[in-house]
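Welcome! Here are a few questions to work through with the model open beside you.

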Amino acid sequence: MKGTLYYGNRDIRIEEIDEPILKNGEAKIRVDYCGICATDIEEYLYGPNAISSTPPHPLTGISTPIVIGHELTGTVVETYNTHTEITPGQRVVINGILSCKKCNWCKSGNPQQCPVSGSVGFAANGGLAEFISWPISHIIPLPNNVPSLEAALTEPAAVAAHAVDKGMVTAGNTVAVVGTGTVGILAMQIAKSRGAKVIAIDTRQLSLKTAAELNADETILADDPHIETRLKDISNGPGPDVVIDAAGTSDTPKNCIKFVREGGRVVVVAIYIDTTNLDFNSIVTTEKEIIGCNSYTKDDVEEVVKLLSNGQLKTKPLISGIIGLDDVLDIGFKKMLEPQKDIFRLLVSPSLG
Ligand SMILES: [Zn+2]
Ligand SMILES: [Zn+2]
């Protein structure tokens, strides 16, 4: 089969590789769509960071070259376990996080905090290929009314759901999302599904336009000189209860702390390439909280599938194009590497060749 292999820094190749061989408890999935994510680009430019090279990943034993791609949906073609509700022909998404299942974090329902946890496409072969094998325990069937195309954004949506969880967003809260790219816009919709008023903040007009189409209550350009006053007005005085940083520039954490109300919560869900200076006194004196958010849990994936099914989460406006595996580098990566990109997600459909 054809697969997209990460060999190392700026070295990704589309190659003919063996199809996965199933182990007991696994299913073979034909990949219908797999997104190219900014994290893939960061690994290409600055990695290997999250991708396991040397030594191999402690949990999976896998190292480079590794098939990348962590945002996938597909159809089960085979299972190595007859006692399962997952059967061939079923359209599915996956919980892409593997963990040891033995440590305190795993036992307390936080496998994403497990010291040896690893993700599909980083610690195990991923979805930018024709087929993938994955543990049946980590497979979630799609309801009939959720098209595979729209389910292709389940992974970034699960990350977004996790960020909204970490922010403890409840009905009546005001939530500002800084950086309304794919994860930001998904977080905005999920916060809204919980009854929050949501504000989209971004430097790109395209992002704000899409955020408005997807029911942002307010949109603000990031360089608006009156941004703090506007945020206070919208939240009737104190500022947003929760600010989610999905932008991840060296300035955004500082700004998020400035924007959030006293005692409010800032959730950081981006990957920061540059370090940042923070004035910790501004946190001490206001009891604001900064909360880290890493990947997601199976519950987050299940919540996303429910929201896709009941129409509260819309992903179609975030799909900017569909390409074949042969075009992952020449079209996909090239487009994602443009400094002023005018896209959200590019999906790869292996059936296109
Ligand atoms: Zn991603
Ligand atoms: Zn563990």
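Q: How many bridges join strand S15 to strand S16?
A: Keep in mind that this is a predicted model. S16 covers residues 289–292, and S15 and S16 run parallel. One of the links pairs valine 267 with isoleucine 291 in S16. The number of bridges joining S15 to S16 is four.

Q: Which residue of S15 is the bridge partner of valine 243?
A: Let's look at the pairing of S15 with strand S14, residues 242–245. S14 and S15 pair in the parallel sense over four bridges. In S15, the bridge partner of valine 243 is valine 266.

Q: Which helix makes a β-α-β unit with S14 and S15?
A: The two strands of this unit, S14 and S15, pair in the parallel sense. The unit they make with the helix is right-handed. The helix spans residues 252–259 and is H8.

Q: Are the residues Arg265, Val266, Val267 and Val268 of S15 buried or exposed?
A: Arg265 and Val267 point one way from the strand, and Val266 and Val268 point the other way. A residue needs 20 or more other C-beta atoms within 10 Å of its own to count as buried. Whichever way they point, all of these residues are buried.

Q: Why does lysine 28 count as partly exposed?
A: Lysine 28 is found in strand S3, residues 26–36. Its contacts beyond four places away in sequence are Pro20, Leu22, Val77, Glu78, Phe131 and Ser133. A buried residue would need 20 or more C-beta neighbours, and an exposed one 12 or fewer. Lysine 28 is partly exposed because its count inside 10 Å is 19.

Key:
Residues numbered from 1 in each chain as written. Chains lettered and ligands numbered in written order. Predicted model: local features only at pLDDT ≥ 70, side-chain atom pairs only at ≥ 80, totals over all residues. Pairing = 2+ DSSP bridges. Right-handed = clockwise from strand over helix to strand, strands pointing away. Contact = placed C-beta atoms within 7 Å.
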